[in-house]
Amino acid sequence: MALTKTTKLQAINTMLSTVGEPPVNSLTAQRADSLIAQNILDEVTREVLSYGWQFNTDENVVMTPETSSGYIYVSDSIVRVDINPLRMTNYDIVIRGNRLYDRTSNSFVFTEPLTVIQVHLFDFDELPEAAKRYIAIRASRIFQDRMVGSTTLHGFNAQDEVMALAKMTEYENEVGDYSIFDSPDILRTVLRVGTYRIT
């Protein structure tokens, strides 16, 4: 049988195995340890995705204020909104509650659409495999720490967590196609024409 991507159920069972508990057959199992594992997995998923990775970040998203109020509402699945640093604007926006707030004008009211970067939360099953692995291993370490508290097991799980984070970062760098030349400061330095040149 061919291997497939990690499911949320498999991640929960991995977590249960770190404390020597038997696996569950479904996510609806009412065992206390399974429910705690699911809560920790969701907690870690939110934590990791809130950092903002290539796979959960959308750029150049236009957010339009409501005509009547001027408010720009933000979906519950969006954890970060920011202005692209390459765009020169007079806005300094943050999320407050479920709306955008401009710290420059100290107001929730916007008079024009904003082009922003958004960081999203996704369900575990929608994530790339490298992210699933890191989240599952980090959640397993936290689960073991809370349920058993073994320093020996903590050490083994922490090593696995570091390796999984390295693999996730490697995945991020490969698919993100990052370059030092994406930074306007670096590009300006590289393209600078010195006065020493003879024409």
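The legends below describe close-up views of a predicted model.

Residues are numbered from 1 along each chain as its sequence is written, and side-chain values use heavy atoms, with hydrogens and water left out. Because the model is predicted, local features need pLDDT of at least 70 and side-chain atom pairs count only at pLDDT 80 or more, while totals for chains, interfaces and linings use all residues.

**View 1. The largest nonpolar core has 27 residues.**
A nonpolar core is a set of buried Ala, Val, Leu, Ile, Met, Phe, Trp, Tyr and Cys residues joined through side-chain atoms within 4.5 Å. Buried means under 20% relative accessible area, exposed means over 50%, and partly exposed lies in between (1.4 Å probe, protein chains only). The residues with the most contacts inside this core are M15 and L41. Helices α1 (8–17), α2, α3 and α4 each supply at least two residues of the core. Its largest share, 8 residues, comes from α3. Helices (H or I, at least four residues) and strands (E, at least two) are DSSP runs, numbered from the N terminus. A second, separate core of 12 residues includes M63, I78, L100 and V116.

**View 2. M15 lies in helix α1.**
M15 counts as buried because its relative accessible area is 0%. Apart from neighbours within four places in sequence, M15 is in contact with A37, I40, L41, A136, A139, S140 and F143. Contact means heavy atoms within 4.5 Å. M15 and Q38 are 23 residues apart in sequence, and their C-alpha atoms are 9.1 Å apart in space. For L41, residues up to four places away in sequence are again not counted; L41 touches K8, A11, I12, M15, F124, I135, A136 and A139.

**View 3. S34 has its place in helix α2.**
With a relative accessible area of 1%, S34 is buried. Its contacts, leaving aside neighbours within four places in sequence, are I12, L16, V24 and A29.

**View 4. V116 is found in strand β5 (residues 114–120).**
V116 has a relative accessible area of 1%, so this residue is buried. When neighbours within four places in sequence are left aside, the contacts of V116 are D58, E59, N60, V61, M63, V81, D82, I83 and I93. The C-alpha atoms of V116 and N84 are separated by 6.0 Å, although the two residues are 32 residues apart along the chain.

**View 5. R103 and D92 form a salt bridge (2.9 Å, N to O) between their side chains.**
R103 lies in the loop between β4 (99–102) and β5, and D92 in the loop between β2 (78–83) and β3 (93–96), so the pair ties together parts that are 11 residues apart in sequence. R103 is partly exposed at 46% relative accessibility, and D92 is partly exposed with a relative accessible area of 29%. A salt bridge is a side-chain nitrogen of Lys or Arg within 4 Å of a carboxyl oxygen of Asp or Glu. Side chains of opposite charge can pair when their charged atoms come close. The structure holds 9 salt bridges.

**View 6. The side chains of D33 and R31 meet in a salt bridge.**
The N to O distance of this pair is 3.0 Å. D33 is buried, with a relative accessible area of 11%, whereas R31 is partly exposed, at 28%.

**View 7. E161 and R141 are joined by a salt bridge.**
The closest N and O atoms of E161 and R141 are 2.8 Å apart. This pair links distant parts of the chain, with E161 in helix α4 (residues 151–176) and R141 in helix α3 (residues 129–147), 20 residues apart. E161 counts as buried at 10% relative accessibility, and R141 counts as buried at 14%. A network of salt bridges links E47, R138, R141, D145 and E161.

**View 8. The second largest pocket holds about 160 Å³ of space.**
A pocket is an open set of points on a 1 Å grid over the protein atoms alone, where a 1.4 Å probe fits, with protein on both sides within 12 Å along at least five of seven lines; lining residues have an atom within 4 Å of a point. The lining consists of K8, D42, T45, R46, L49, L121, F122, D123, F124 and E126. Helix α2 (residues 32–50) gives the largest share of the lining, 4 residues. By type, the lining residues divide into 4 nonpolar, 1 polar and 5 charged. Ala, Val, Leu, Ile, Met, Phe, Trp, Tyr, Cys and Pro count as nonpolar, Asp, Glu, Lys and Arg as charged, and the others, Gly among them, as polar. Grid points are joined across faces, edges and corners, and the volume is the space filled by probe spheres set on the points.
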